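Dear colleague,

Please find below the structure that I am handing over to you. My notes on it follow directly after.

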Amino acid sequence: MSIRTVVTQPFSDQKPGTSGLRKKVPVFQQTHYLENFVQSIFDSIAAPQGATLVVGGDGRYYNREAIQTILKMAAANGFGEVLVGRGGILSTPAASCVIRKYQTFGGIILSASHNPGGPEEDFGIKFNSSNGGPATETVTEAIFSRSKNIASYRILDAADVALDKLGETTLGAMKVKVIDPVNDYAELMESLFDFDSIRALLKNDFRMRFDAMHAVNGPYAKEIIERRLGAPVGSVMNGVPLEDFGGGHPDPNLTYAHDLVEIMYGDDAPDFGAASDGDGDRNMILGKHFFVTPSDSLALLAANATLAPGYKQGLAGIARSMPTSAAADRVAKALNIPCYETPTGWKFFGNLMDAGKVTLCGEESFGTGSDHVREKDGLWAVLFWLNILAVRKQSVESIVREHWAKFGRNFYSRYDYEALPTEAANGVMLHLRDSFAGLTGKALGRYSVQTCDDFSYTDPVDGSVSKSQGVRILFSDGSRIIYRLSGTGTEGATLRVYLEAYEADAARHHLDAQEALKELIGIALEISELVQRTGRERPTVIT
Ligand code: G16
């Protein structure tokens with residue numbers, strides 16, 4: 001076996017987005033494309049000789065091929081050991097858990113998250129650091145800049161490694177350890193939640209469904225929910241991971257998780273429904289005929305955190321991404337703990353958690369998590385909810401309604417305009433930025449604009465500054481309209497419009513969010529000239 005140095009040319013499009021490099025599979029299949037990016041990672045992270053790496057992915061199309069390439073390149077780049085999930089599988093939170101538990105130098109996670117998979121669909125790759133979290137912007141910038149002048153990469157000439165059997169093999173001088181992808185993660189979950197109470201809940205006439213969407217969490221959910229917690233077999237649906245997610249879009253929202261939504265809104269609906277995404281880090285929570293917004297879910301978990309054994313000491317603080325509703329801020333205030341507002345991207349929570357400033361984090365994009373790992377964690381959120389339901393013995397809906405009665409309700413909705421021509425989407429953002437002066441102080445219907453800005457964040461731990469993180473139109477009553485271009489799409493541009501209005505009056509809490517936000521939605525479309533500029537009459541997805 002010999003190490004080969006292969007001469008290559010840089011690609012100009014390897015800039016990591018919100019969460020790593022995501023492209024269509026055929027882009028990754030171009031000669032040297034994956035190798036260039038992997039070598040750019042290795043050249044940027046300064047791993048000491050003999051370091052240990054974790055490698056795994058969500059099992060989507062191209063996962064296996066990519067892992068073989070990464071293993072051979074890791075061997076040629078001086079790594080001493082790689083821990084890889086059996087079959088090349090590791091959910092994103094499980095990868096974070098393994099990195100932390102075995103104190104490795106970091107890990108490479110292969111996933112395009114909630115985006116579809118298949119030969120013509122999406123693939124992705126990102127590096128996570130030794131804290132188990134996505135590399136900071138400083139590191140992703142270094143990787144990008146390396147990718148622009150890379151001239152060669154190193155790879156071991158060797159046969160493929162057998163990934164389907166647990167155990168150790170060698171690849172050149174490097175050890176490859178194939179590990180059980182579920183075990184370490186399941187143990188961590190048992191240490192955080194009251195499995196006895198949840199088991200008792202599931203034994204009674206409480207019924208639940210978990211939709212794994214034919215994605216990575218199938219085996220995790222079957223092991224934890226059905227085997228360890230004793231939910232009846234069949235409680236986990238779409239539990240067999242498929243390379244193309246069964247042709248579906250593994251995004252747990254009301255549009256794409258339609259199998260589950262039909263059941264939860266049908267006759268004889270179960271008491272609790274949940275779904276997670278392609279790589280297992282997102283979650284959606286449903287009660288009987290009832291949807292819990294991710295922003296409310298974060299606030300609810302924070303308010304009830306001490307009911308779970310792993311959080312009984314209370315929370316150090318909460319963090320939410322800027323477009324996430326301020327529902328969690330109200331809980332933080334009541335608990336007298338800080339609440340941080342970060343840009344979109346889980347990577348921004350890492351420093352806060354490492355510094356012990358926050359325990360819970362969440363995002364409107366169906367992401368919730370805590371400092372047990374450094375990724376958002378879909379199943380963790382589901383188990384947290386089950387723990388709360390087991391203790392409070394109330395329905396999901398009544399818990400949420402009680403929460404609103406106490407804290408007020410932050411009506412919330414997100415409109416996604418996917419696959420727009422990039423120029424048109426940029427045009428909307430430019431137009432909005434140009435309108436700041438004219439909008440400030442202006443009355444729009446019953447709302448009055450207090451300020452407008454482009455969100456900028458200074459990390460309170462390392463002082464790094466992230467600019468242009470989304471246009472905010474802030475109204476005097478606390479309502480907000482936010483516009484952002486997604487950093488995770490792979491086709492054209494995705495424009496997101498986030499709408500939020502606070503309602504203290506309990507008599508209005510029963511309103512449908514679309515109804516309550518109707519006027520704000522009209523204003524959002526009008527001031528952005530979105531329809532004229534993009535030609536889109538309707539959003540692709542409303543959540
Ligand atoms: C990633 C990030 C999240 C972010 C989400 C949506 O999630 O980790 O922090 O909220 O993308 O980002 P955007 O609005 O830029 O599309 P995931 O689940 O795709 O890894």
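**Sheet and hairpin**

Five strands make up an open sheet with mixed pairing, in the order S11-S10-S12-S13-S14. Its edge strands, each pairing on one side only, are strand S11 (236-237) and strand S14 (290-292). This is a predicted model, in which local features need pLDDT of at least 70 and side-chain atom pairs count only at pLDDT 80 or more, while totals for chains, interfaces and linings use all residues. Residues are numbered from 1 along each chain as its sequence is written, and side-chain values use heavy atoms, with hydrogens and water left out. Helices (H or I, at least four residues) and strands (E, at least two) are DSSP runs, numbered from the N terminus; two strands pair if DSSP finds at least two bridges between them.

Within the sheet, strand S10 (residues 208-211) and strand S12 (residues 272-276) run parallel and are joined by four bridges. Asp-211 has Ala-275 in S12 as its bridge partner.

Strand S17 (residues 360-363) pairs with S18 in the antiparallel sense, again over four bridges. Cys-361 is placed opposite Gly-369 in S18. The two strands S17 and S18 form a hairpin with three residues between them, and Phe-366 in the turn has a positive phi of about 65 degrees. Strand S18 (residues 367-370) is covered on both faces, with Gly-367 and Gly-369 buried on one side and Thr-368 and Ser-370 buried on the other. Here, buried means under 20% relative accessible area, exposed over 50%, and partly exposed in between (1.4 Å probe, protein chains only).

Helix H4 (residues 92-101) is largely enclosed by the rest of the structure, because eight of its ten residues are buried. Those buried residues are Thr-92, Pro-93, Ala-94, Ala-95, Ser-96, Cys-97, Val-98 and Ile-99. At the start of H4, the backbone nitrogen of Ala-94 has a side-chain oxygen of Ser-91 within 3.0 Å. This is a polar contact (a pair of N or O atoms within 3.5 Å; within protein, one must be able to donate a hydrogen and the other to accept it, and residues adjacent in sequence count only if both atoms are side-chain atoms). Gln-103, which follows H4, has a positive phi near 45 degrees.

In helix H15 (residues 422-439) lies His-431, which is buried with a relative accessible area of 17%. Apart from its neighbours within four places in sequence, His-431 is in contact (heavy atoms within 4.5 Å) with Ile-527, Ser-528, Glu-529 and Arg-533.

**Salt bridges**

A salt bridge is a side-chain nitrogen of Lys or Arg within 4 Å of a carboxyl oxygen of Asp or Glu. By this rule there are 38 salt bridges.

One of them joins Asp-180 to Arg-86, with the closest N and O atoms 3.8 Å apart. This pair links distant parts of the chain, 94 residues apart: Asp-180 is in the loop between strand S9 (174-179) and helix H6 (183-192), and Arg-86 is in strand S4 (residues 81-89). Asp-180 is partly exposed, at a relative accessible area of 24%, and Arg-86 is also partly exposed, at 32%.

Glu-223 and Arg-228 form a salt bridge through their side chains (2.7 Å, N to O). Both Glu-223 and Arg-228 are buried.

Arg-320 and Glu-341 form another salt bridge, with 3.2 Å between the closest N and O atoms. Arg-320 lies in strand S15 (residues 318-321) and Glu-341 in strand S16 (residues 339-342), so the pair ties together parts that are 21 residues apart in sequence. Arg-320 is buried, with a relative accessible area of 4%, whereas Glu-341 is partly exposed at 24%. Salt bridges that share partners join Arg-320, Asp-329, Glu-341, Asp-453, Arg-472, Arg-480 and Glu-500 into one network.

**Ligand surroundings**

There are 19 residues around the ligand, of which Glu-363, Ser-486, Gly-487, Thr-488 and Arg-496 come nearest. A residue counts as near if one of its heavy atoms lies within 4 Å of the molecule. Oxygen atoms of the ligand lie 2.5 Å from a polar side-chain atom of Thr-488, 3.1 Å from a polar side-chain atom of His-114 and 3.2 Å from a polar backbone atom of Gly-345. Taken alone, the ligand exposes 460 Å², and the protein buries 99% of that. Accessible areas come from the Shrake-Rupley method with a 1.4 Å probe; for residues, only the protein chains shown count as cover.

With kind regards
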